Amino acid sequence: MKTNTFLVLAGWFFAAAAVGQDIDVKLATEKPPHYVGVGAVVQLTVKGLDADPEPTCTVQANAPEIRTRLAGISPRIMQRMFQSGNQIRRIEEVTHIVQFRVTASKPGEYEIGPFQISQNG
């Protein structure tokens with residue numbers, strides 16, 4: 001039985017943020033092998049956006065042999081409280097996990113992206 005494989009090369013990304021906002025984006029892909037016609041996951045981990053509203057994420061361009069579908073965006077919110085002297089401080093860290101399902105119709109190496117992430121327009 002012959003299987004065709006394809007390699008997903010996750011490409012550029014772009015995070016649009018308000019002035020002074022520190023945004024961190026990490027990109028990960030599912031481990032190979034990847035197969036023609038079977039979707040592989042490309043995941044962006046975005047720190048520094050607000051919890052609401054939910055951000056939007058799009059892929060700007062792809063090769064015609066690649067189909068990219070947004071699988072979901074899910075926020076993770078971690079809150080910590082600590083006392084410093086007579087003050088109680090609360091720190092909230094918001095991380096959005098953005099997953100795309102990428103499927104190739106032909107074997108080969110492909111570059112995915114760039115990605116555009118935006119929140120509040």
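Two strands are taken to pair if DSSP finds at least two bridges between them, and helices (H or I, at least four residues) and strands (E, at least two) are DSSP runs numbered from the N terminus. The structure is a predicted model, in which local features need pLDDT of at least 70 and side-chain atom pairs count only at pLDDT 80 or more, while totals for chains, interfaces and linings use all residues. Residues are numbered from 1 along each chain as its sequence is written, and side-chain values use heavy atoms, with hydrogens and water left out.

- Strands β4 and β7 run antiparallel and are joined by eight bridges, and V46 stands opposite H96 in β7.

**Nonpolar core**

- A nonpolar core is a set of buried Ala, Val, Leu, Ile, Met, Phe, Trp, Tyr and Cys residues joined through side-chain atoms within 4.5 Å; buried means under 20% relative accessible area, exposed over 50%, and partly exposed in between, with a 1.4 Å probe and protein chains only.
- The largest such core holds 16 residues, of which L44, V46, C57, V98, F100, F115 and I117 touch the most other members.
- Two or more residues of this core come from each of β4 (40-47), β6 (66-84), β7 (87-104), β8 (108-112) and β9 (115-118), and β7 gives the largest share, four residues.
- Leaving aside neighbours within four places in sequence, L44 is in contact (heavy atoms within 4.5 Å) with V25, K26, L27, C57, H96, I97, V98, F100, F115 and I117.

**Aromatic pair**

- Rings of Phe, Tyr and Trp (its six-membered ring) pair if their centres lie within 6.5 Å, with planes under 30 degrees apart counted as stacked, over 60 as edge-to-face and the rest as tilted; a search of the whole structure finds one aromatic pair.
- The ring centres of F100 and F115 are 5.3 Å apart and their planes stand at 45 degrees, so the pair is tilted.
- Because F100 lies in strand β7 and F115 in strand β9, this pair ties together parts that are 15 residues apart in sequence.
- Both partners are buried, F100 with a relative accessible area of 3% and F115 at 1% relative accessibility.

**Salt bridges**

- A salt bridge is a side-chain nitrogen of Lys or Arg within 4 Å of a carboxyl oxygen of Asp or Glu, and by this rule the count comes to three.
- E93 forms a salt bridge with R80, with the closest N and O atoms 2.5 Å apart; since E93 lies in strand β7 and R80 in strand β6, the pair ties together parts that are 13 residues apart in sequence.
- Both of these residues count as partly exposed, E93 at 34% relative accessibility and R80 at 40%.
- K26 forms a salt bridge with D24, the closest N and O atoms being 3.0 Å apart, and D24 is partly exposed at 33% relative accessibility.
- The side chains of R90 and E92 meet in a salt bridge at 3.7 Å, N to O; R90 is exposed, with a relative accessible area of 53%, whereas E92 counts as partly exposed at 38% relative accessibility.
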